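Subject: Structure handover

Hello,

I am passing this structure on to you. Please open it alongside these notes.

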Amino acid sequence: MTMEKIGVIGGGAWGTALAQTAASEGEPVLIWAREGEVVRAINDHCENPLFLPNVPLSRKIRATSQLDDLADCDAILVVAPAQHMRETLGSASIGFAPLILCAKGIEAGSKKLMSEVAAEVYPGAPIAVLSGPTFAHEVAKGLPAAVTLACEDAELGASIAQRLARPNFRPYLSSDVVGAEIGGAVKNVLAIACGVVEGRGLGQNARAALISRGFAEMTRFGLARGAQAETLAGLSGLGDLVLTCSSVNSRNFSLGKGLGEGKSAEDLLADRATVAEGAFTAPVLREAAVDAGVEMPITEAVCALIDGHVSVDFAVEALMARPLKSEVR
Ligand SMILES: NC(=O)C1=CN([C@@H]2O[C@H](COP(=O)(O)OP(=O)(O)OC[C@H]3O[C@@H](n4cnc5c(N)ncnc54)[C@H](O)[C@@H]3O)[C@@H](O)[C@H]2O)C=CC1
Ligand SMILES: O=C(CO)COP(=O)(O)O
């Protein structure tokens, strides 16, 4: 595969950080941003103060408001938020370049993973998934990070990994697209729960218990949907779960922290420019879990807290009062 220009759809924090990484060795990168101010800031000042402040960007990154300008890119990183991916991709005419999906979520309504949405919008397009423990601001600064690069076509996956790898950005190959997507989508919901624990002052023991039992939930759901256990235990699953459940740098964790402090989800989500994907994935994940016949009590608790139906104390009591059971089921 000969590739000449990397395209990025989405000028948020992660799209910008990935553009910066891709451009770090002189490669030209074209990024589509929805906001005119982001396009102008990148082109005129090599910065994206709206979504990725305090990071000087490479001059090799050019920005556009026209999605169709990406038509001559031969690899496209798709980094629009999960709930907007269908509409964003659908409004573009971007040829047959491999689509590397980077959003972490499940589409509300259809209950579809991003690879399923992309396959509907661009039937036959080569698809890969890039997911892992990667806070955008760290990656943009060139700090070391590793990700899962999942693609059913091993040759294409290897070619994309080679193309995206940089000295401090290391993709690990996988053929398990579903597993990589489920890890990234579910960890965002669990990060909200861990933020609640932090906000309510429930302690480090409770947080570790939530991460472990959350991982059990992620694994049950993932296996039911055909994911491989090794993928869920890898960078895009457990790796990202640990990162996101440990830091207020996570938007999902900080949303949960606010809930734990007694604020309402409505207030916390109102007027924010940045996306906390877990808030939108939680309800559809709960539905998908019912369809798959899988118990996801932490996800249910997060849904109830977001809906404002229960207090934090009630949700915690309900989780602790569940019938005793084996750890491994
Ligand atoms: N920020 C991070 O550290 C990481 C984010 N991700 C994932 O990347 C995806 C994008 O997140 P960020 O770049 O962080 O976004 P962000 O929170 O920095 O910015 C919000 C993005 O949403 C876009 N947006 C808002 N309304 C839209 C609409 N109606 N249609 C299309 N786009 C719309 C904005 O243009 C902007 O690009 C998410 O799925 C996130 O989970 C993955 C890894 C790391
Ligand atoms: O996905 C991420 C890190 O891998 C970013 O997490 P948040 O979306 O919670 O900020």
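First, the ground rules. This is a predicted model, in which local features need pLDDT of at least 70, side-chain atom pairs count only at pLDDT 80 or more, and totals for chains, interfaces and linings use all residues. Residues are numbered from 1 along each chain as its sequence is written, while chains are lettered from A and ligands numbered from 1 in the order in which they are written.

Domains

The protein chain splits into domain 1 (6-175) and domain 2 (184-320). These bounds come from an automatic or database domain assignment. The C-alpha centres of the two domains lie 25 Å apart. Their contact takes 21 residues from domain 1 and 22 residues from domain 2. Two residues are in contact if their C-beta atoms, placed from the backbone, lie within 7 Å.

On the domain 1 side, strand 7 (145-150) and strand 8 (169-174) each supply at least two residues. Strand 7 gives the largest share, three residues. Helices (H or I, at least four residues) and strands (E, at least two) are DSSP runs, numbered from the N terminus. By class, this side of domain 1 has twelve nonpolar, seven polar and two charged residues. Ala, Val, Leu, Ile, Met, Phe, Trp, Tyr, Cys and Pro count as nonpolar, Asp, Glu, Lys and Arg as charged, and the others, Gly among them, as polar.

Ligand 1

The shell around ligand 1 holds 25 residues. A residue belongs there if its C-beta atom, placed from the backbone, lies within 6 Å of the ligand. The closest are Gly 12, Trp 14, His 84, Ala 103 and Thr 274. Helix 1 (residues 13-22) gives the largest share, three residues. The classes are twelve nonpolar, nine polar and four charged.

Ligand 2

Ligand 2 is surrounded by 14 residues, and the closest are Thr 134, Asp 240, Ser 250, Arg 251 and Asn 252. Helix 7 (177-199), helix 10 (235-244) and helix 11 each give two or more residues. Here the classes are five nonpolar, five polar and four charged. Domain 1 and domain 2 each contribute at least three residues to the shell around ligand 2.

Annotated residues

An unreviewed UniProt entry marks a "binding site" at Lys 104, Gly 132, Thr 134, Lys 187, Asp 240, Ser 250, Arg 251 and Asn 252. UniProt positions are in the numbering used here, feature names are shortened, and annotations may be inferred rather than shown by experiment.

Lys 104 lies in the loop between strand 5 (99-101) and helix 4 (114-121). Lys 104 counts as buried because 29 C-beta neighbours lie inside 10 Å. The cut-off for buried is 20 or more other C-beta atoms within 10 Å of the residue's own, with C-beta atoms placed from the backbone. Leaving out residues up to four places away in sequence, Lys 104 touches Ala 82, Ser 131, Gly 184, Ala 185, Asn 188 and Glu 277.

Arg 251 sits in helix 11 (residues 251-260). Arg 251 is buried too, with 22 other C-beta atoms within 10 Å. Not counting residues up to four places away in sequence, Arg 251 touches Thr 274, Val 275 and Ala 276.

Helix 10

Nine of the ten residues of helix 10 are buried. Among them are Gly 237 and Asp 240. Gly 237 has 30 C-beta neighbours inside 10 Å.

Best wishes

Terms used
A residue is buried if 20 or more other C-beta atoms lie within 10 Å of its own, exposed if 12 or fewer, and partly exposed in between; C-beta atoms are placed from the backbone.
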